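Here's a quick briefing to read alongside the model. Keep the viewer open as you go.

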Amino acid sequence: MRKAGCRSMANAALSSATRTSPFSIGSYKRISKEDERDESCSITNQRAIIRSHIATNPEFSGAKITEYIDDGLSGSRSDRDAYQRMLKDVRRGAIDCIIVKDLSRIGRNLIDVDDLLMNYLVMWGVRFISINDGYDSYTHPLSNLELAVINLANQHYNRDLAIKSMSAKLTKIKHGEYLSMPPYGYKKSDTEKNKLVADEEAAEVVRLIFSLAVNGVRTVEIAKTLNAQGIPSPSVYKVNNGYKNIWTQVIDPDYCFWSLSVIRKMIMNEVYLGKTVANRFKVAEIGSKTTIARPKEEWTIVPDTHEALVSEEDFRKAQAILPKQRFYDKPEHIFGNKVKCPHCGHAMTRYTRNNPRFKCGTARVTKHYDCREFSITQSAIAEVVLESIRTYAAAVLDREEMKLALLQKNTATAKDLEDRISKEKSAIATLNASITKVFTSLAAEKISTDTFLQKKNTINNAIERKQRIIGDLAENLRTITEGRGAVEKAIAELTPLLSIEALDRELVDSLIDKILVHGENDIEIVWVGLF
Ligand SMILES: [Zn+2]
């Protein structure tokens, strides 16, 4: 038996010859960050190429053209709005031909392209044209193998590009260019590209912090002093100086204070020695947004890239005021920074000696909030969290099981839909066979051209009607099966949580947004909206 895919391709080729109604074309354009500098990739250029292709092919005369544009997103992502909208239009029968400039517009990894080609071309009989690849599913059906090769080439291209842009960045950094947002105390030079120069107002504060530290003033006293003097904290200072507020953590935009961790990070930051420190984090995997910390040996440190705000000797002396437990050396713990003070919104400080405890450090540096000065052990929090997870899981499980019971009633409907789809499909097969017959009759001169055209139109319209019906039925079927799949998955995930005995970081991350400690016996858990 031939594969369904091949059969549909053949059907598609046949309906090309017999088609009379104009196409409904989806003209898809995408520009990604890596395309930005390449004018040939611009939306305008993609549009011009597609328009000219449509205009020069008479079979597209009278075609209805819908534009779908995804702007500025990377090809490694598939959750593109316009693209998803186009696929939806395919499913509801509003689009029967997709045209792109080249295959990498669809995506630069196997899954995206494969999904389009296998599911949409084959299942929905959509015509697909990739102009620069010389590919038209009506005239040149590619084998799966050929497609895989093209796809893989695209995937490599993506990876190459990531490596290339990384090494280009490193070269710039090594030549003294500072590519990130300038650290507090510096600004970018007006004359030299990406060169850091001292931002005098903030640089004065940096020097003050180091001179206090050199004289043995502890971080908590430094923070307290700066807050008491009303000196704007780095995030407030940057916002005041026209930088976009990238610190989404700013809880209270009217009052942003110097915290212990800001001071600590500054005292440890070698940027104030005139060095550029880069590569402290790496992307977990290409295309992902998650970054992970690199060990210090892997950092890129370039000396003498800009003016130092502190001498080597003072920098070394300043380190003495930091607690023995260095910030970057802090071992990972199950709660990460999720344990928060409900008053100031900041993560509570974790004391790691023996039995770890959490305490809000804000009250020590500012009295602006009603932070309470008490500490709570990690084990006490863990106990509450475990108990809550079990209760929460039980409650959500009840709800999901009720949903499943309702969905199971729909099983009959799903079966019915499947039957109707396969009936429509075999009807299409019969119609296709009759087109071949009509062709044969014409070739054998048994019927006139007029009769041929008339019959062909009738059959063709019937096929299109049936394809549209299949589209609607399949959409309904998907809603039922996907809904049930999601509920079953949730139940499978929740059940083990009913008897959970120990916490780990991964579980905490997947379930909990934050843990607000109102008091020793008053802990509020904010769940990630998973279920
Ligand atoms: Zn607090």
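This is a predicted model: local features need pLDDT of at least 70, side-chain atom pairs count only at pLDDT 80 or more; totals for chains, interfaces and linings use all residues.

Residues are numbered from 1 along each chain as its sequence is written.

**Overall make-up**

- The protein has 14 helices and 17 strands; these are DSSP runs numbered from the N terminus, with helices being H or I of at least four residues and strands being E of at least two.
- Of its 531 residues, 24% count as buried (20 or more other C-beta atoms within 10 Å of the residue's own; 12 or fewer makes it exposed, in between is partly exposed, and C-beta atoms are placed from the backbone).
- Take the contacts between residues at least 6 apart in sequence: 68% of them join residues at least 24 apart (a contact means C-beta atoms, placed from the backbone, within 7 Å).

**Helix α3**

- α3 spans residues 81-91, and its buried residues include Tyr-83, Met-86, Leu-87 and Val-90.
- Those four sit on the same side of α3 because they cover an arc of only 100° around the axis (the arc is taken from the directions from the helix axis to the C-beta atoms).
- An α-helix has 3.6 residues a turn, so residues three or four places apart point the same way.
- Asp-81 and Lys-88, over on the other side of α3, are exposed.
- After α3 comes Gly-93, with a positive phi near 80°.

**β1 and its parallel partners**

- β1 (residues 24-31) is mostly covered, with seven of its eight residues buried.
- β1 runs parallel to β2 (residues 64-71), and eight bridges join the two; strands count as paired if DSSP finds at least two bridges between them.
- Within that pairing, Ile-25 has Ile-65 of β2 as its bridge partner.
- β1 is also parallel to β3 (residues 97-100), through three bridges.
- Here Ser-27 is partnered with Ile-99 in β3.

**The β13-β14-β15 sheet**

- This open sheet has three strands in the order β13-β14-β15, with antiparallel pairing.
- β13 (349-351) and β15 (375-377) are the edge strands, each pairing on one side only.
- On average, neighbouring strands in this sheet are turned by 30° against each other, direction ignored (axes are lines fitted to C-alpha atoms).
- β14 (residues 357-359) pairs with β15 over three bridges, in the antiparallel sense, and Phe-358 stands opposite Ile-376 in β15.

Methods. Two residues are in contact if their C-beta atoms, placed from the backbone, lie within 7 Å. Axes are lines fitted to C-alpha atoms, for helices over the stretch in contact, and angles run from 0 to 180 degrees between N-to-C directions.
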